Amino acid sequence: LADTIVETAYQRIRQQLVAECGVPLADSGQEAHFAVIALGKMGGNELNYSSDIDLMFLYSANGETRGGPRNIPNREFFVRASNQLTALLSTYTTEGMCYRVDLRLRPDGSHGELCISLDAACQYYANRARDWELQMMIKARVAAGDKATGRRLLDFVEPKTYATSLDFSAIE
């Protein structure tokens, strides 16, 4: 249910943003994509009625939108989508709120970019991620958006999560 709600909300937000700004295109001319990575309980399909949802937002490539009244960088397009999606899911209404959205598990936590490019995410997990950040990716999965974009990150991180060498300094 949570995946369907996040997907449906994102698709409506994307439709509106494309009408305002055009389609996000990579420098290669191909369409740039957005993925929502579920982490924590949502990633592990363990949500209960009081769970928040831990999310990470990712986009496939830098570039610029085309075909709209006002072209903007892809980064801006996808940050807007991320902000709007977070706000929509966590807005209080007379019926309550859909989900509390927690974005602190993304690269660099609360200090990091709200939505990060695939290349930047791969660089982060290759060079700067702490052990617990790699371990928490065990439950990560693509919940919404472009599955291939999200899968590329998860496939990149998996060998780092399950490394065959042991770092004794981490144990100490």
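Modeller: Before we look at single residues, one cut-off: a residue is buried under 20% relative accessible area, exposed over 50%, and partly exposed in between. The model we are reading is predicted.

Colleague: Then let me try the scale on a helix. Is Arg151 buried, exposed or partly exposed?

Modeller: Arg151 has 40% relative accessibility, so the residue counts as partly exposed. Asp155 is also partly exposed, with a relative accessible area of 42%.

Colleague: What do Asp155 and Arg151 form?

Modeller: The general idea is that side chains of opposite charge can pair when their charged atoms come close. Here Asp155 and Arg151 form a salt bridge, with 3.1 Å between the closest N and O atoms. Both residues lie in helix α6, residues 147-161, and they are four residues apart, about one turn of the helix.

Colleague: How many salt bridges does the structure hold?

Modeller: The structure holds 10 salt bridges. One of them joins Asp3 to Arg141, where the closest N and O atoms are 2.7 Å apart. Asp3 lies in helix α1 (residues 2-21) and Arg141 in strand β7 (residues 141-145), so this pair ties together parts that are 138 residues apart in sequence.

Colleague: Where do Glu31 and Arg14 lie?

Modeller: Their side chains meet in a salt bridge, 2.3 Å from N to O. Glu31 is in the loop between β1 (22-26) and β2 (34-39), and Arg14 is in helix α1; the two are 17 residues apart, and the pair links distant parts of the chain. Glu31 is partly exposed, with a relative accessible area of 34%.

Colleague: How many positive and negative side chains does the chain have?

Modeller: There are 18 positive and 22 negative side chains, and the centres of the two sets lie 3 Å apart.

Colleague: Let us go to the fold. How many helices and strands are there?

Modeller: Seven helices and seven strands. In sequence order the pattern is α-β-β-α-β-β-α-β-β-α-α-β-α-α.

Colleague: What does the radius of gyration say about the chain?

Modeller: The idea is to compare the value with that of a compact globule. For 172 residues such a globule would have a radius of gyration near 16 Å, and the chain has 17 Å, which agrees. The C-alpha trace spans about 55 × 45 × 25 Å along its principal axes.

Colleague: What share of the residues is buried?

Modeller: Buried residues make up 44% of the 172. The accessible surface comes to about 9500 Å², and 50% of that surface belongs to carbon and sulfur atoms.

Colleague: And how should I read the contacts along the sequence?

Modeller: Ask how far apart in sequence the contacting residues are. Among contacts between residues at least 6 apart in sequence, 69% join residues at least 24 apart.

Colleague: Take a residue as a case. Which residues does Leu17 touch?

Modeller: Residues up to four places away in sequence are not counted; beyond them, Leu17 touches Gly22, Phe77, Arg80, Ala81 and Gln84. Leu17 lies in helix α1 and is buried, with a relative accessible area of 1%. Its C-alpha atom is 8.3 Å from that of Arg80, a residue 63 places away along the chain.

Colleague: Which residues is Thr86 in contact with?

Modeller: Leaving aside neighbours within four places in sequence, Thr86 is in contact with Phe57, Val101 and Leu103. Thr86 lies in helix α3, residues 74-90, and is buried at 16%.

Colleague: Last, the backbone. What is the phi of Asn45, and what is that of Asp108?

Modeller: Asn45 has a positive phi of about 55° although the residue is not a glycine. Asp108, also not a glycine, has a positive phi of about 65°.

Colleague: Where are Asn45 and Asp108 found?

Modeller: In loops. Asn45 lies in the loop between α2 (40-43) and β3 (53-59), and Asp108 in the loop between β5 (101-102) and β6 (115-117). Asn45 is exposed at 62%, while Asp108 counts as partly exposed at 36%.

Notes: Residues numbered from 1 in each chain as written. Predicted model: local features only at pLDDT ≥ 70, side-chain atom pairs only at ≥ 80, totals over all residues. Heavy atoms only, no water. Rg over C-alpha atoms; globule rule 2.2 N^0.38 Å. Buried < 20%, exposed > 50% of the residue type's maximum accessible area, 1.4 Å probe, protein only. Contact = heavy atoms within 4.5 Å. Areas by Shrake-Rupley, 256 points an atom, 1.4 Å probe, with all protein chains shown as cover. Lys, Arg positive; Asp, Glu negative; His and termini not counted. Charge placed at Lys NZ, Arg CZ, Asp CG, Glu CD. Salt bridge = Lys/Arg side-chain N within 4 Å of Asp/Glu carboxyl O.
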